[in-house]
Amino acid sequence: MLITSAIISGIGLGAMYGLIALGFHVTYVVSNTVNFSQGSAMMLGAVLGYSFGVTLGWPIPIAVIASLLLCGMFGLLVERTLVRPFAERGSNAWLMATVAGGIVLDNLVLFTFGKEPRSFPSFLAQKPVEIFGAGVYPLQLIIPVVGIAAALAFHLLTHRTRYGKALLAVVQNPDAARLMGINVRMIVAASYVISTMLAGVAGLLIAPLFSVHSEMGVLFGIKAFAVAILGGITSAWGVVLAGLAYGLTEALVTAYLGSSYTQIVVFSVIIGALALMPNGLLGRAAVNKV
Amino acid sequence: MLSHMLPISRRLVIAGATTLTMLTAAAAQETLKVGLVAAMSGQSAKSGEAIVRGLTIAIDEINAKGGVLGTKLELLVRDDESNPAKGVVAARELAQREKVVALFGGLDTPVSMAIVPFANQAKIPFMGVWAAGTPITKNGAPENYVFRVSAVDEIVDVALVDYSVKKYAAKKPGMILINNPWGESNEKGLKAALADKKIDYAAIEKFETNDVDVVPQLTRLKQAGADVLYLVANVAPSAQVVKSLDRMGWDVPIVSHWGPSGGRFSELAGPSAAKVHFIQTYSFSGKLAPKGEEVFAALKKKYPEIKSSADVTPAVGIANAYDAMHLTALAIAKAGSTEGTKIRDGFYAIDAYDGLIKNYKKPFTSANHDALGADDYIFTYFKEGEILPLMN
């Protein structure tokens, strides 16, 4: 029972980390930049979902779609105002700018949504079902399915479609891509929209299991970034796999060694894994052309 | 590419520590300033709001009677964001620039612990109205300027153990504690209280504020044979414990410190919230004493969003702050001065004060800086958003 519940908890949480980390991956492969306000985008998904679905009482499907569209717009805004102006000048200041953007959003939400954590009820997280003696909410089983489906979709997109090839061409040589008639700016912007929407999905999925508040994304954002690096940020599968591995390790260490050891062991494992595989689990070595 | 990525995490950490400034524009009139350093934002923001309300109602009453030493009182509020470093900076700023005559503390034991050495060194009275960590008042300083009108962990822990034995005949309790100095303070207290009663504990488990899933820890406690759980955590993490218990289908009695009172516990934890029995110093529910009615009426008048006792949450923050402000005003009046050392002696000189929580008799002595004791605690539970007292 201990092991079943730990594995199910671990896979559910791991898939969450994977989803957010996939957002880091998407923008990185397209533009070599990442959005450090991913954690805040996740929070935004949950807060908007709560505001539309619970406060305003919209039907859940409409609330979910509206939340994700707004998350996508947040991504667009981040790319346009916090990344592009710096990246186009060859500056790395987008790092700080996106971190700052996340802090601004967290605090805007604090003042508008309110200071108290709220509960986001879901029929998928009300009655636990029993699996090998461990209680599980149906939602916990849906999360990994969504995570793996997202990775699969992205893999197929980039490897099987013209649009996906265009995405990858942009990162290899933006100038050549532009000459080939690819709208580079639009593709980079699209990658940011996708990444914040993925984080929004993660936020909506986790909300019923957790509580909705302005700081809920902070820790997730940091852990997801660790996961992205661990997985090899250039590989969609690597990132999702690393998410699952991270979640599982976390849950198993807590279950068998006790919670005092969780962070020590998990982050030591990450350091060890990166020492052995500097490009992450499935990442390819980067070649810097001079 | 990875080598390009590495500095990011460092920057991320630095950025995470970036401060947000809060501002309180104080009108430059001749007033006697008192300062509050508490969590006004973040998960515990509701606690800061409650303390401000308690202090404000008391200050309004005092000012209506002419203030203290012929001067009106003025409250300055600073947000510590539950961050000890920010708390110390704010305390310094209030003491040195704003020249407040006394400081009030917030909910977080770690923040208060960080302010204690500064208060003692600067000889400025520091009044705790919420944080319950034992060493806040028992800080071992030769000159102690820290007082408290709130629960004290080591006494709370004795009460939790007593309650679990009386109510549930606990034989092998387990502990599920938040992983911070507050959790640690109670780990010590609970161990000592159990040792006094010669009761063995099953196991001790820690968890983090943002843990979504506490099932692994709880499963360990269950396997260790815990028959009652002692819970020490703030409202959101406490709710995660209750939700995890629900999911496991483990129906175990929970005897809790007062964390759940800090917010919408019954909403966050769901129907099982009512199973958690937690300690309080005061409740605005039920039949109130005249003083309680009076304060409740003042609260409703000043804050129109308060309509019923269910809106006076967290009651402990309001009640503790209210009594603490009145006691501090009495101490300043006894001192006849705004000098820290004299105010401290003023606290010792208070004979009696008929307060909201109780009728205080000699609340402070040089050996005891805590105004509330074991007899002043009540056990409560949540029912549909309202904190109700339990009949033992």
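Here are a few notes on chain B of this predicted model.

1. Let's start with where the chains meet. On chain B, 36 residues are in contact with 41 residues of chain A. Several elements of chain B each supply at least two residues to that side, including helix H1 (2–16), helix H2 (45–64) and strand E7 (204–207). H1(B) gives the largest share, seven residues. Sorted by class, the side of chain B that touches chain A has 16 nonpolar, eleven polar and nine charged residues.

2. Now look inside chain B. The chain is divided into domain 1 (32–151 + 291–373) and domain 2 (154–280). Taken over C-alpha atoms, the centres of these two domains of chain B are 28 Å apart. Their contact takes 18 residues from domain 1 of chain B and 16 residues from domain 2 of chain B.

3. Which helix gives the largest share of the domain 1 side of that contact in chain B? That's H4(B), with three residues. By class, the domain 1 side has nine nonpolar, eight polar and one charged residues.

4. Even so, H4(B) has a kink of about 30° at B:Ile115, shortly before the proline B:Pro117.

5. Is B:Ile115, the kink residue, buried or exposed? B:Ile115 is buried, and the buried residues of H4(B) also include B:Val111, B:Met113 and B:Ala119.

Notes. Residues are numbered from 1 along each chain as its sequence is written. Chains are lettered from A and ligands numbered from 1 in the order in which they are written. This is a predicted model: local features need pLDDT of at least 70, side-chain atom pairs count only at pLDDT 80 or more; totals for chains, interfaces and linings use all residues. Two residues are in contact if their C-beta atoms, placed from the backbone, lie within 7 Å. Helices (H or I, at least four residues) and strands (E, at least two) are DSSP runs, numbered from the N terminus. Ala, Val, Leu, Ile, Met, Phe, Trp, Tyr, Cys and Pro count as nonpolar, Asp, Glu, Lys and Arg as charged, and the others, Gly among them, as polar. The bend at a residue is the angle between axes fitted to the seven residues ending there and the seven starting there. A residue is buried if 20 or more other C-beta atoms lie within 10 Å of its own, exposed if 12 or fewer, and partly exposed in between; C-beta atoms are placed from the backbone. Domain bounds come from an automatic or database domain assignment.
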